[in-house]
Amino acid sequence: MQERAYEKRGEQYLLIKSPPASGKSRALMFIALDKLVNQDIKQAIIVVPEKAIGSSFNDEPLSQFGFWADWRVEPQWNLCNAPGTDNGGKVNSLGAFLESYDKVLVCTHATFRFAVDRFGIEAFDDRLIAVDEFHHVSVGEDNKLGRHLGEFIARDRVHIVAMTGSYFRGDAEAVLAPEDEARFDSVTYTYYEQLNGYEHLKQLDIGYFFYSGAYVNDILAVLDAGAKTIIHIPNVNSRESTKDKIREVEHIIEELGDWQGTDAATGFQLVRTRDGRTLRIADLVDDDAAKRDRVSAALKDPTQKNNRDHVDIIIALGMAKEGFDWIWCEHALTVGYRASLTEIVQIIGRATRDAPGKTRARFTNLIAEPDASEGAVTEAVNDTLKAIAASLLMEQVLAPRFEFKPKNPANAATPGFDYGAGGYDADKCNVGFHEERGVFQIEIKGLAEPKSPEAARICHEDLNEVIATFVQDKPSLERGLFDEELVPEELTQVRLGKIIKDKYPELGDEDQEAVRQHAIAALNLTQQAARIAIGDGNEPSANTALIDGVRKFAMDVRQLDIDLIGRINPFGEAYAILAKTMSEESLKQVAAAIAAKRTSLSPQEALELADRARRFIRERGRPPSVTSADAWEKRMAEGAAAFMRFRKEGRYE
């Protein structure tokens, strides 16, 4: 990843999208040093979301590893370690730095925002601004850092390197305006590449588990006391919380074993388990600041970083997420749905560090089943849908990248790709895999190709962003999971088509259709491959399960066809997992709550179906028939008829 990023060190605007623990901080050091020495950049300002993350940019002897310079931050210019407030002494210090001949400063997002307000955009001309955890930025009016960055880009006198382990936002608000994002060159490094490049950790499992009653009574069903675990208990305002966070921690400890006291040096709780082991548990929930700070300091002790036995379980509420580094963590267990996909990705990132003896890691979301009261059912249904969406998206994020090609007679094998036991077959739709790059190359009959460079970029780099929007679309998820009369094309063509039209209005119709086809192919192939991998009864490694599953699916259908792929319900596998993890009674309750909201065809849905009917006429030379045996053709005909009726009624402006 660092090599890939360094190759683009000459770009004025660079966006590095790479998982937590993949080395973004070090990559930035290499790039910043080159800009300072070789690109006439006066100074580098590193901006982090919170003080604790500033340590990621401490001095590094890079020359010991073959680089031509060391990374050094003068102590006075690491404002994350400095006393004072963000809007007081630290802003004064940043002003003094701008007047100095020193080269590197590290500060928080807050300090930087206040400094821009005080000194103005122009004061930062000819400097590098590196923004860590870039997903904290957005184009929303209330996001001052986002507004400042837009102004910097408009003035065009700074270099910007933006780094993020998660480009998704739970509130679905864009991180950058489209015209600003278009100016960034991207470096994308996937979870698959990260895990594949690790020496020890090779598999990451994502799942959810439902409970009834109080979660502390069921937590041992998913908590393995032998695995190094971070437990994030629910926010006190959430419905999962018992409203007594201290008692919740005590209850978890009681479930694990007999309390033996507190370690005097670290503040860790000592608990003897039923099998005689002594667990060291770090409690970061305690309201006593002195106790909590002692525990936090013990967790950050650099002399214990490589000591696997230093701590066994960490219990936290708002801490131990972004930027928290515990390489031994094998299980991130989160109680209650988190409102943001970004937060989920960051929590999962706590378990994705490589460490000796750690071959497998997992993330579990423990979620409350619906209870009898209607209000709680509605809230529970929403949380359930959000958890499923997050799980679907993380499966996609963990998969290798997809490169789709239309099947045609001129196609040939691409060097570096493995096409399976029989090799490349010109008479079939081939599935090739490039092990080193972590890329699928898949031929699909009838696939539309993007025409514009922007559409090609989206198909190559941003399919997961499209899929993130789709799986978080509540009407799509509800119907895909619980509508027994669903025609899958209503989701894969109509609903996804509408989402892409809204997300990328600047693209032409052909490009929007190409993006839609690429996105649904990526989502459905991942889902079908996962189903096959689970259903074959074996335990293949994460590195081969998905590859084998995609190949088997391609062989089973003989020819991969985009229409065939569009006839698969993208949420079918999620329902199968849901049916296994939720009680039958609760599942019926969720289905009933969703069915009660279902309405007849809306004017907007009729318009979208009529648009698909027009495409059908262009391709087939006849209108779709309402008596057709094909469910999708019949649905298009019904939509077109409803559109005509709504138009007569004046329902369209």
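Helices and strands are DSSP runs, numbered from the N terminus: a helix is a run of H or I with at least four residues, and a strand is a run of E with at least two. The model on screen is predicted.

**The whole chain**

Start with everything displayed and coloured by secondary structure. The chain contains 23 helices and 17 strands. Its radius of gyration is 26 Å, close to the 26 Å that the globule rule gives for 653 residues, so the chain is as compact as a globular protein of that length. Along the principal axes, the C-alpha atoms fill a box of roughly 75 × 65 × 60 Å.

The accessible surface is about 28600 Å², and carbon and sulfur atoms account for 48% of it. Of the 653 residues, 54% are buried.

Colour the charged side chains next. There are 81 positive and 105 negative ones, and the centres of the two sets lie 2 Å apart. Then consider contacts between residues at least 6 apart in sequence: 72% of these join residues at least 24 apart.

**Stop 1: Asp286**

Select Asp286, in the loop that runs between strand S11 (278-283) and helix H10 (289-299). Show the side chain: it reaches the backbone nitrogen of Asp288 at 2.8 Å. Beyond the residues up to four places away in sequence, Asp286 touches Ile246, Lys291 and Arg292. Asp286 and Ile315 are 29 residues apart along the chain, and their C-alpha atoms are separated by 9.7 Å.

**Stop 2**

Select Lys243, in the loop between strand S8 (229-232) and helix H9 (245-256). Lys243 is not a glycine, yet its phi is positive, near 75 degrees. Is Lys243 buried or exposed? Its relative accessibility is 52%, and the cut-off for exposed is over 50%, so Lys243 counts as exposed.

Move to Glu133, in the loop between strand S4 (128-131) and helix H5 (144-155). Glu133 also has a positive phi, of about 50 degrees, although it is not a glycine. Buried means under 20% relative accessible area; Glu133 has 9% relative accessibility and therefore counts as buried.

**Stop 3: Asn411**

Select Asn411, which sits in the loop between strand S15 (401-406) and strand S16 (431-434). Which side chain makes a polar contact with the side chain of Asn411? It is that of Glu443, at 3.1 Å.

**Stop 4: Thr526**

Select helix H17 (residues 509-535) and pick out Thr526 within it. Thr526 is buried, because its relative accessibility is 2%. A polar atom of the Thr526 side chain lies 2.8 Å from the backbone oxygen of Ala522. To see what surrounds Thr526, show Glu395, Gln396, Ala399, Phe402 and Leu546: Thr526 is in contact with each of them, leaving aside neighbours within four places in sequence.

**Stop 5: Ser25**

Go to helix H2 (residues 24-38), where Ser25 is found. With a relative accessible area of 18%, Ser25 falls under the 20% cut-off and so is buried. Apart from neighbours within four places in sequence, Ser25 is in contact with Ser56 and Phe57. Display Ile46 too: Ser25 and Ile46 are 21 residues apart in sequence, and 9.9 Å apart in space from C-alpha to C-alpha.

**Stop 6: Ser583**

End at Ser583, in the loop between helix H20 (572-581) and helix H21 (584-595). At 31% relative accessibility, Ser583 counts as partly exposed. The side chains of Ser583 and Ser586 are joined by a polar contact of 3.1 Å. How far apart are Ser583 and Ser212 in sequence and in space? They are 371 residues apart in sequence and 9.4 Å apart in space.

Key
Residues are numbered from 1 along each chain as its sequence is written. This is a predicted model: local features need pLDDT of at least 70, side-chain atom pairs count only at pLDDT 80 or more; totals for chains, interfaces and linings use all residues. Side-chain values use heavy atoms; hydrogens and water are left out. The radius of gyration is taken over C-alpha atoms; the globule rule is 2.2 Å times the number of residues to the power 0.38. Buried means under 20% relative accessible area, exposed over 50%, partly exposed in between (1.4 Å probe, protein chains only). Contact means heavy atoms within 4.5 Å. Accessible areas come from the Shrake-Rupley method with a 1.4 Å probe; for residues, only the protein chains shown count as cover. Lys and Arg count as positive and Asp and Glu as negative; His and the chain ends are not counted. The place of a charge is taken as NZ of Lys, CZ of Arg, CG of Asp or CD of Glu. A polar contact is a pair of N or O atoms within 3.5 Å; within protein, one must be able to donate a hydrogen and the other to accept it, and residues adjacent in sequence count only if both atoms are side-chain atoms.
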